Structure formats: structure tokens, C-alpha cells
Amino acid sequence: MNKKTLLVLAASIYQIPTIATAKRLEYRVITTDDVPSNPGHALSDQSYGVSTIDQQAVLEIARQENIDGIIAPCTDVAVPTSAYVAEQLGLQGVPLECANTVFDKIAFREFLNRHAFPAPKSYPITLNYQPNADLFRHSWIMKPDRSSGSKGIFIVRSLSDFYQYLPETLRFSPTARGILEEFIDGFQGTCEGIVNQGELALTFILDRRTVNPPHVATCGHHLPSALPPQLQEKLLVILKKIWHLLGVTDGLFDCDFVATENEIYILEISPRLGGNSIATLLKKATGFNIVEYSVKQACGEVTHLPTTVNIRPTSVVLLGVEKEGRLSYNQTELEALRQEVWVDSLSIDFAWGELVYPFIHGRNRVGEALIFGNNRNDLDNKVRELKQRLQLEGI
Ligand SMILES: Nc1ncnc2c1ncn2[C@@H]1O[C@H](COP(=O)(O)OP(=O)(O)O)[C@@H](O)[C@H]1O
Ligand SMILES: [Mg+2]
């Protein structure tokens, strides 16, 4: 039995892979969040009902349980708590100041500007903010200051769009603040990586697919990336600099970026495992188990990292519907697709006929598929084929 104790912040379905992996590796697992019905609690050795944003109370649990590591997988709100507890107890973690900077979209834009990284022009906003109408000669994007999964985010093309979406954006902010920033039209990507002794020891660049405007929810990731090599290099140079400036020498990260012809804009960066089934995608495409690495790393264990990885063209497709209604899909095709050699898994989260909502943010997904391609082109075609045959809709 591995005697180490890991505290996992949150216990929803998104944290289950981490909890289950730690259990498999024979760690003692403690979970905490303020939703007792969350399924991860049932898997842990000990669970608490303390909110993941209550830093003092979580520190108390950590002390009481004499933990060896703390982790906040796939949840942004718990990142500062994880950093705080790690700092207080001298465990593996990022500096609290780093967590507070990356956790707040306004603070992170200020950081990028201060260090002269490419960044979209941006303005902090509150309910009485009145933008200049001239701004809307091109597109902007409006977001809550602290949120995740694209909740409350809209692409804004006019002054009337701005006023229409403003209350909804601010509704998702705990401080009723948000940010209005230039929409960068370009190649949307995600980078998942590992920093080891100040170096980018392993990185995976994924192409990110998003739903139709004005929404921006992620609806898929593809590997390998079609981003040109010189832009991939540029991205990695920027990421290394950012982590250095934020004082992070070790750990995992997840980053959203947009690439234009010559430039990389870092949209968001977080010292944690990425959501949207990225870990499963990486495991299937490369064989590398990033969840296992994250658990061991959080407990200060040195693990071997591969120097090269081979990538099998693979995609995770997050399924959703455009209109609110009763879930409908082609049931025969669902079964037929599951038999296809290129479909690794295909799951629907709701029962047939259950009420489902438009896929405008991560929480409204209705299912997921993991599929393989012979090459990138073939993979893109297979994604299209899957969606066409499945005919998912709300009716
Ligand atoms: N300035 C921007 N230009 C273009 N796309 C953007 C911009 N900001 C955000 N996006 C899109 O919106 C998505 C969500 O924004 P992000 O800042 O990552 O918020 P969240 O915390 O909800 O993930 C991004 O992944 C990206 O697709
Ligand atoms: Mg994001």
C-alpha cells in the first residue's frame, strides 16, 4: 500500500479520473467540495463537505489529514486554494501569487501587457460600463473575470450585442466584473504540458474546435496539431517565459491560445490538468498517462517522462445540440457507429427524450466520442461523418 495521502479538490465527474487513478496507485485519497452528492466522494477514503474556495477550512483538513499532496484537476476556482495550502504546508504547488494572477482574466491580461506579450486590447467592465460605439468596427469578446468552460462568454459584434449580453456575462462573475477584449480571428489551440525544473519537459499541442458564434464552447480537440512548426515553437518559447515569470518550475499546465499568421496570443493559462477529456485523448493518442503523472507529481514523486512520443491521429468530440428540446438522435446509427473500428468510444450523457439545452458552454454537452483517423485529414472527415450520422438534436 502506498501510504501517501492526496487531497483532491472537488469530486464531480471531472475529478473522477484523478480520484480513480490515485486509488489505483494505492494512495489514500481525501476529497472535499460543497456538493455531497458529487460522485467522487464515494470513491475516496475520506470526504468532506467544505467548499474548494474556502482556503482556511481546506488548510485545516489538509493539516488534520497530514496530506502529502494537493491537486485541483479540471477546476479553475480551486487553483488558488491548492496553491495556498501547498505554500502553507511546503508541498508541491505553484506560488499563490501565480495562481491569483492566472485565475483572474483581468489580472492575467495586466500581466501579459506588463511583460509585453502579445495580448488583445482589453477593458475591464462592470454593469455601468459604456463602450465607445466605434469599437465595434470589428468583433470583440466579452467574458466574466473568473469563470470557466466558456460560461457567460459571447462574441460581440455591435453595441446592441454588448448591452444584450452584458448582464448574462456578469452573472457568472462572483464579483460582477468582466472583460471586453478584441476577438482575435485565428487558429484556436490548446497546449497541455509539463514543466520540470523550469523547462518545458513535455508538451502536447491540440487543435481546438468551438461551437458556432456568438458562443465559444469547446466542442472538440484534435491531435496532432495542424499549427505550422514555427508557430508551435513560438508558442513554447512564450509559455516557458510565462512560467518563469510566474515563478513556476514544476507542474502541469493547460493553456488556450489563438494563432494568427505570425503571432501567438495566450488567452488563458492554468497550472492544472485540462478539462474536456484531454487526459483521455492524450492517453489514447500517445499512451502517456498525464493523470498518473499529475497525481505522483503533486505528492512530490519523481517520475520518468518520455523523451519522444508518437501521436496516433485522434480526436475527442464533445457532443451537443443547437436548440433546447427533447434529446433525439439516430439510434440505429449510434449502435452502428459504436461498431466502427475508428470509433473508440461513443457515449450519450442523457436518456432519449430527456430535456437538453443548447451547447453554449461546457456544462451543456450531451455526450462524447473518442475517434481515430488514418491521418489528420481523415480524422477531420471522420468527425464530420460521426456528427452527420448521429443527427443529435433537441426537438
Ligand atoms: N480574445 C479572444 N479572441 C478569440 N477567441 C477568444 C478570445 N478570448 C476567448 N476566446 C475563445 O473563447 C474561449 C473561452 O475563453 P477563455 O478565456 O478560455 O475562458 P474560459 O475560462 O471559459 O475557458 C477560448 O477557448 C477561445 O476559444
Ligand atoms: Mg479556456
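This is a predicted model: local features need pLDDT of at least 70, side-chain atom pairs count only at pLDDT 80 or more; totals for chains, interfaces and linings use all residues.
Which element gives the largest share of the lining of the second largest pocket? The answer is α12, which supplies 6 residues.

Helix α12 is joined in the lining by strands: β10 (199-210), β11 (218-223), β14 (314-319) and β19 (393-394) each supply at least two residues, as does α12. By class, the lining has 13 nonpolar, 9 polar and 7 charged residues.

Now follow α12 itself. This helix spans residues 376-390. Its axis comes within 8 Å of the axis of helix α11, residues 331-339. The two axes cross at roughly 150°. Angles over 145 degrees count as roughly antiparallel, so α11 is roughly antiparallel to α12. On the α11 side, the contact is made by Glu-333, Leu-334, Ala-336 and Leu-337. On the α12 side, Leu-386, Arg-389 and Leu-390 take part. By class, 5 of the contact residues are nonpolar and 2 are charged, with no polar residues.

Next come the strands. Three of those lining the pocket, β10, β11 and β14, also sit in an open sheet of 8 strands. The order is β13-β12-β9-β10-β11-β14-β18-β16, and the pairing is antiparallel. At the edges are β13 (264-270) and β16 (343-348), each of which pairs on one side only. From one strand to the next, the twist averages 25°. Look inside the sheet at β11 and β14. These strands run antiparallel and are joined by 4 bridges. Gly-220 has Val-317 of β14 as its bridge partner.

The structure holds 2 cavities of 30 Å³ or more. The largest cavity has a volume of about 280 Å³. It is lined by 19 residues. Ile-70, Ile-71, Ser-82, Pro-271 and Gln-297 lie nearest its centre. Two or more lining residues come from each of β4 (69-71), α4 (79-89), β12 (251-259) and α10 (290-298). What classes make up this lining? There are 11 nonpolar, 6 polar and 2 charged residues.

Key: Residues are numbered from 1 along each chain as its sequence is written. Chains are lettered from A and ligands numbered from 1 in the order in which they are written. Side-chain values use heavy atoms; hydrogens and water are left out. Axes are lines fitted to C-alpha atoms, for helices over the stretch in contact, and angles run from 0 to 180 degrees between N-to-C directions. Angles under 35 degrees count as roughly parallel, over 145 as roughly antiparallel, 65 to 115 as roughly perpendicular and the rest as oblique. Contact means heavy atoms within 4.5 Å. Ala, Val, Leu, Ile, Met, Phe, Trp, Tyr, Cys and Pro count as nonpolar, Asp, Glu, Lys and Arg as charged, and the others, Gly among them, as polar. Two strands pair if DSSP finds at least two bridges between them. On a 1 Å grid over the protein atoms alone, a cavity is a set of points where a 1.4 Å probe fits but cannot get out, and a pocket is an open set with protein on both sides within 12 Å along at least five of seven lines; lining residues have an atom within 4 Å of a point. Grid points are joined across faces, edges and corners, and a volume is the space filled by probe spheres set on the points.
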